[in-house]
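Grab a pencil and work through the exercises below. Try each task before you read its solution.

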Amino acid sequence: MPDTDFERIRYDVPVEGVARITLARPERRNAQDYRMLHEIDTAFGIAARDDDVRVIVLAADGPHFSSGHDLVSTACADEFETRTMTGGFRQPGQHGPMVNEEEMYLGLCWRWRNGPKPTIAQAQGKVIAGGLMLMWPCDIIVASEDATFSDPTVAFGLNGHEYHTHLWEVGARKAKEMLFRGHALTAQECEKLGMVNHVVPREDLEKFTLDMASEIAQRPPVGLKLAKLAVNQGLEAQGQYTAMQAAFGLHQVGHANARIVFDGVPVDPAGLEIIRKLSKS
Ligand code: ZN
């Protein structure tokens with residue numbers, strides 16, 4: 001039995017057949033440190049193995065879904081039980097940092113994306129960079145009217161966050177604009193682009209999401225699993241995972257370049273100011 005003494009999330013079953021994982025670090029705008037990501041993975045695993053759970057909701061406490069990676073945290077992935085077959089977390093150069101991101105970002109998110117049960121992300125407020133990395137592996141996204149979505153990491157000299165499915169989420173042209181400018185897309189824009197399934201008033205967000213989850217939970221688990229696989233395999237046929245791995249490699253080039261130019265710092269320090277301005281606009 002995995003350790004369920006969670007510090008960064010909550011796990012509950014709010015209605016029959018529906019498990020809910022809630023990011024519970026609102027005082028830090030649900031910034032993700034490795035502990036939070038590891039706890040989310042443990043919770044997805046519990047829900048996947050529990051036959052009474054048919055649908056999984058990923059929600060967040062507070063006014064904002066997630067501000068992205070916790071840039072203050074200095075944890076190393078080897079402090080946690082690894083969930084992907086990788087190692088070398090403390091190797092020099094870009095090797096160690098790349099492996100940490102393989103395990104904690106791309107690796108965990110890809111596991112969640114390939115889980116057997118339908119997943120619904122429930123988003124409010126700001127969803128920034130690594131926040132999208134949590135949401136995009138989910139099958140369905142429900143957003144409140146105030147939700148906004150952005151990936152401003154080009155300001156750090158990077159090509160976007162580590163789960164690089166922008167192309168499939170918003171289409172090629174919008175993906176480029178989203179990345180180049182770093183501006184936030186509104187929930188309404190994202191619904192038009194197909195990134196968001198439904199936009200609802202903030203006060204209705206939880207009920208709308210749970211009602212949909214409950215409805216889906218009435219369907220046979222085998223049908224849900226096969227439908228999910230059928231769509232996901234279509235994305236594979238389009239080369240989605242290969243493209244994501246290529247983008248992950250470019251992301252490591254960005255980090256390595258910054259380390260060379262900025263004396264070991266993995267991102268362009270001036271980017272923080274640009275991102276601060278963007279988050280106010
Ligand atoms: Zn990175």
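**Exercise 1.** Are E162 and H251 buried or exposed?

*Solution.* Keep in mind that you're looking at a predicted model. Start with the cut-off: a residue counts as buried when its relative accessible area is under 20%. Now apply it: both E162 and H251 come out as buried.

**Exercise 2.** Find the protein donors of the zinc ion, then work out which parts of the chain E162 and H251 tie together.

*Solution.* Step one: list the donor atoms. Step two: write the spacing of the donor residues along the sequence, which is E-x60-E-x88-H-x3-H.

**Exercise 3.** Look at the surface: which residues gather in a patch of negative charge?

*Solution.* The patch is formed by E145, D146, E203 and D204. Zoom in on D204, in the loop between β9 (198-200) and α7 (205-217). Patch members need over 30% relative accessible area. D204 has 37%, so we call D204 partly exposed.

**Exercise 4.** Which residues make a nonpolar surface patch?

*Solution.* You want I260, V261, F262 and V265, which make a patch of about 360 Å². One of them, V265, is found in the loop between α9 and α10 (271-280). With a relative accessible area of 33%, V265 is partly exposed.

Note on methods:
Residues numbered from 1 in each chain as written. Predicted model: local features only at pLDDT ≥ 70, side-chain atom pairs only at ≥ 80, totals over all residues. Heavy atoms only, no water. Patch = residues over 30% accessible without salt bridge, like charges linked within 9 Å, V, L, I, M, F, W, Y side chains within 5 Å. Areas by Shrake-Rupley, 256 points an atom, 1.4 Å probe, with all protein chains shown as cover. Salt bridge = Lys/Arg side-chain N within 4 Å of Asp/Glu carboxyl O. Lys, Arg positive; Asp, Glu negative; His and termini not counted. Charge placed at Lys NZ, Arg CZ, Asp CG, Glu CD. Helix = DSSP H or I, 4+ residues; strand = E, 2+ residues; numbered from the N terminus. Buried < 20%, exposed > 50% of the residue type's maximum accessible area, 1.4 Å probe, protein only. Donors = N, O, S within 2.8 Å, 3.2 Å for Na, K, Ca; no water.
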